[in-house]
Amino acid sequence: MKFSLINESKYQEVIELFKRVFSASEGEAEGQVIADFVANLIATTVRQDLIGCIAEENEIVVGCIFFSRFTVPSGQVAFILSPVAVSTDVQSTGIGQNLIKYGLDHLKSLNVNLVFTYGDPNYYSKTGFEQINESIVKAPCPLSQPIGWLAQSLDGQVIQPMIGPTQCVEALSDPGLW
Ligand SMILES: CC(C)(COP(=O)(O)OP(=O)(O)OC[C@H]1O[C@@H](n2cnc3c(N)ncnc32)[C@H](O)[C@@H]1OP(=O)(O)O)[C@@H](O)C(=O)NCCC(=O)NCCS
């Protein structure tokens, strides 16, 4: 398994991966919603605000994650992990967790302070994420499942309560995604 940062030549392949994986797990309509979201994320986010990581087996992309910049009132450097997909035929073999660990190591090398995500706490806790109350850091949109608001510090500092709004990139600012 090869882990690397994504480059433009892989964009179409990852959009199709997200469509396939989410169609299988959530139904075709959701597959299309996620594919459109990923295409929008790639098209509208400036390069320094978007980090994509892929897992490849025999040159074929079998996993992909994106981190996009998240502006927090403390001024610390933060990113949000979303979305994540691993090809259906190789799920539950550790690829998702190893890909997230690869991405987190890359963010550490860039001196990123904080990483957030929104998803299943049972899954993301395996790679260091913990539930975070909105009284500590607000989510950028109203949360339909506040239990899924997760974060971790990458610099060893405890996450301090922050007063004020946060902002994600435009593609993630769609309330329907939250
Ligand atoms: C969720 C997903 C990314 C996990 O990646 P993966 O490579 O299959 O998972 P890993 O092999 O790294 O981890 C497997 C572990 O996570 C658990 N797990 C897998 N999918 C899970 C999910 N959706 N929720 C909670 N736990 C999950 C497994 O039970 C397993 O637990 P164990 O290590 O205690 O046995 C992948 O299954 C996927 O793409 N699913 C469909 C799309 C999706 O739901 N994406 C996440 C939301 S953006």
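Colleague: Which helices and strands each supply at least two residues of the lining of the largest pocket?

Modeller: Keep in mind that this is a predicted model. To read a lining, go element by element along the chain. Here the helices that each give at least two residues are helix 1 (11–26), helix 2 (28–44), helix 3 (95–109) and helix 4 (121–124).

Colleague: How many nonpolar, polar and charged residues does the lining have?

Modeller: Sort them by class and you get 21 nonpolar, 14 polar and three charged residues.

Colleague: Where does the ligand sit relative to this pocket?

Modeller: For that, you compare the ligand's place with the pocket's. In this model the space the ligand takes is the largest pocket. Helix 1, strand 4, helix 3 and helix 4 are the elements that give two or more residues to the shell around the ligand.

Colleague: Which residues of that shell come nearest the ligand?

Modeller: Val86, Ser92, Gly94, Gly96 and Gln97, out of 17 residues around the ligand. By class, the shell splits into eight nonpolar, seven polar and two charged residues.

Colleague: How much of the ligand does the protein bury?

Modeller: You start from the ligand taken alone, which exposes 870 Å², and the protein buries 65% of that.

Colleague: Let's move to the backbone. Which residues does the cis peptide bond join?

Modeller: The angle to check is omega. Between Ser82 and Pro83 omega is about -5°, and the peptide bond there is cis. Pro83 belongs to strand 4, the element with the largest share of the pocket lining.

Colleague: What about phi of Glu59, and where is that residue?

Modeller: Phi is read together with the residue type. Glu59 has phi near 70°, a positive value in a residue other than glycine. Glu59 is placed in the loop between strand 2 (50–57) and strand 3 (60–71).

Definitions and conventions: Residues are numbered from 1 along each chain as its sequence is written. This is a predicted model: local features need pLDDT of at least 70, side-chain atom pairs count only at pLDDT 80 or more; totals for chains, interfaces and linings use all residues. Side-chain values use heavy atoms; hydrogens and water are left out. Helices (H or I, at least four residues) and strands (E, at least two) are DSSP runs, numbered from the N terminus. Ala, Val, Leu, Ile, Met, Phe, Trp, Tyr, Cys and Pro count as nonpolar, Asp, Glu, Lys and Arg as charged, and the others, Gly among them, as polar. A residue is near a molecule or strand if one of its heavy atoms lies within 4 Å of it. Accessible areas come from the Shrake-Rupley method with a 1.4 Å probe; for residues, only the protein chains shown count as cover. On a 1 Å grid over the protein atoms alone, a cavity is a set of points where a 1.4 Å probe fits but cannot get out, and a pocket is an open set with protein on both sides within 12 Å along at least five of seven lines; lining residues have an atom within 4 Å of a point. A molecule sits in a cavity or pocket if more than half of its atoms lie within 2 Å of its grid points.
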